[in-house]
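Please walk through this structure with the sequence and the model side by side.

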Amino acid sequence: MRAGKHVWTTAAVTVVCAITVLAAPGTAFADPGPSPSPGTPGASPSAPAASPAATPGKDLEAVRKKLDQLYRRAALATEEYNAAEEKTEQQSAQLVELAKKIVKGQEKLDGLKERAGAAARSQYRTGGLPDEAKLMLSDDPEDFLDGTGRVVQGQRATKGLIGEMTRTQEDLKTYAADAKTRFEKLEANRKAKAAAQKKVEKQIKAAEKLESELEQEEKERLARLEREAQERAQTAWLGSGILKDLDGEATEQGRKAVEYATAQVGKPYQWGAEGPKAYDCSGLTSQAWVAAGRTIPRTSQQQWQQLKRVDVEDMRPGDLIIYFDDASHVGMYIGDGSVVHAPRPGRSITIAGAGSMPILGVVRPDTGTTGQE
């Protein structure tokens with residue numbers, strides 16, 4: 001009896017320990033740099049890799065495009081990492097709950113076995129003679145009949161006890177099978193997270209190597225090229241007349257989210273980070289809305305898939321602008337044609353033109369209304 005409990009308890013503890021090891025936090029990230037053609041909403045990010053890095057003194061525009069590709073790929077891998085990380089945390093929590101159920105179920109089964117054993121011993125002590133003999137030997141036939149009724153009740157109780165034991169044993173088998181399945185999924189996600197991390201690090205390392213080959217003057221010229229490309233895209237976006245239609249007022253939650261996000265300006269970008277010292281693009285937006293009292297999906301792709309979509313012309317402060325065809329980047333609209341976002345590795349959280357990158361669409365985390373609606 002006790003040996004069975006020890007086996008189940010050990011198994012549950014093993015599951016919990018394994019979860020602790022597998023769910024250990026890793027390094028983190030998420031986001032892309034400016035697009036080669038940011039003025040064109042929905043421009044595809046999946047251009048083939050350019051040839052090896054341009055050498056210093058050569059076409060810096062080609063270098064800019066190559067860097068953009070590398071950081072965009074890093075952003076995609078980051079979103080894969082973030083999604084796997086989120087699933088790992090959820091599965092770990094589920095496994096812990098299952099382990100608790102297994103331990104609790106085994107304790108219940110042990111208690112039922114104790115009760116069943118006591119009932120069996122009681123019946124053994126009183127069940128040696130047939131009922132006819134007990135009646136003949138009884139000083140008070142009425143007491144005997146009352147006792148017989150109690151025996152029948154006891155037998156029914158015992159039958160119910162055995163049924164409960166059987167159900168508890170079946171529950172334990174189900175919990176064990178469920179734990180095994182979830183543990184396998186957790187292991188698969190752990191591998192996916194590790195593979196995504198390698199991809200992120202590979203792309204960032206390649207980008208850093210390319211930038212390191214530039215002279216200081218070339219780095220400054222490259223930074224100017226990036227700013228100019230973003231300014232051209234923003235000018236074209238504003239030139240469409242979009243700003244005159246953007247008069248939406250933020251909700252109370254939206255204002256809180258914007259206040260949180262803008263308070264992080266100047267903090268570094270770090271892939272996979274969710275603050276408070278550093279963020280990636282979706283880490284910033286998700287935590288800003290947590291601060292506003294609403295939990296939203298962790299990654300920019302999940303935010304695009306799961307949150308309510310609104311027309312660009314109808315967006316209001318606090319809404320999230322999803323960028324690029326693969327939804328690999330996200331920023332928060334703060335009004336006046338601007339967003340706050342975490343750009344890419346090597347950059348800090350900043351305020352930029354909402355149209356400085358190709359817009360895929362806009363999503364709204366809160367469904368509250370404003371005074372204008």
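A residue counts as buried under 20% relative accessible area and as exposed over 50%, with partly exposed in between. The model is a predicted one. Because its relative accessibility is 46%, A236 falls in the partly exposed class. A236 is part of helix α5, residues 216-239.

Strands of a sheet pair through backbone hydrogen bonds, either parallel or antiparallel. Here 6 strands make an open sheet with antiparallel pairing, in the order β1-β6-β2-β3-β4-β5. β1 (308-310) and β5 (350-353) each have a single partner strand, so they stand at the edges and one side of each is left without a neighbour in the sheet. From one strand to the next, the twist averages 40 degrees.

Strand β3, residues 329-335, is mostly covered, with 6 of its 7 residues buried. On one side β3 is joined by 4 bridges to the antiparallel strand β2, residues 320-323, and I321 stands opposite G331 of β3. These two strands form a hairpin with 5 residues between them, and F324 in the turn has a positive phi of about 70 degrees. β3 is also joined by 3 bridges to β4, residues 338-341, again antiparallel. Within that pairing, M332 has V340 as its bridge partner. The hairpin of β3 and β4 has 2 residues between the strands, and D336 in the turn has a positive phi of about 55 degrees. β4 in turn is joined to β5 by 4 bridges, with V339 and A352 as bridge partners.

Two helices pack on this sheet. α6 touches β3 and β4, and its direction makes about 115 degrees with that of β3. α7 touches β2, β3 and β4, at about 45 degrees to the direction of β3.

What lies in the largest nonpolar core? It has 29 residues, of which W289, L320 and M332 touch the most other members. Elements that give two or more residues to this core are α2 (60-126), α4 (141-212), α6 (252-263), α7 (281-291), β2 and β3. α7 gives the most, with 4 residues. Beyond its neighbours within four places in sequence, L320 is in contact with residues including W289, I296, L307, V330, M332 and V363. Another core of 15 residues lies apart from this one, and among its members are I242, Y333, V339 and M357.

Key: Residues are numbered from 1 along each chain as its sequence is written. This is a predicted model: local features need pLDDT of at least 70, side-chain atom pairs count only at pLDDT 80 or more; totals for chains, interfaces and linings use all residues. Side-chain values use heavy atoms; hydrogens and water are left out. Buried means under 20% relative accessible area, exposed over 50%, partly exposed in between (1.4 Å probe, protein chains only). Two strands pair if DSSP finds at least two bridges between them. A nonpolar core is a set of buried Ala, Val, Leu, Ile, Met, Phe, Trp, Tyr and Cys residues joined through side-chain atoms within 4.5 Å. Contact means heavy atoms within 4.5 Å. Axes are lines fitted to C-alpha atoms, for helices over the stretch in contact, and angles run from 0 to 180 degrees between N-to-C directions.
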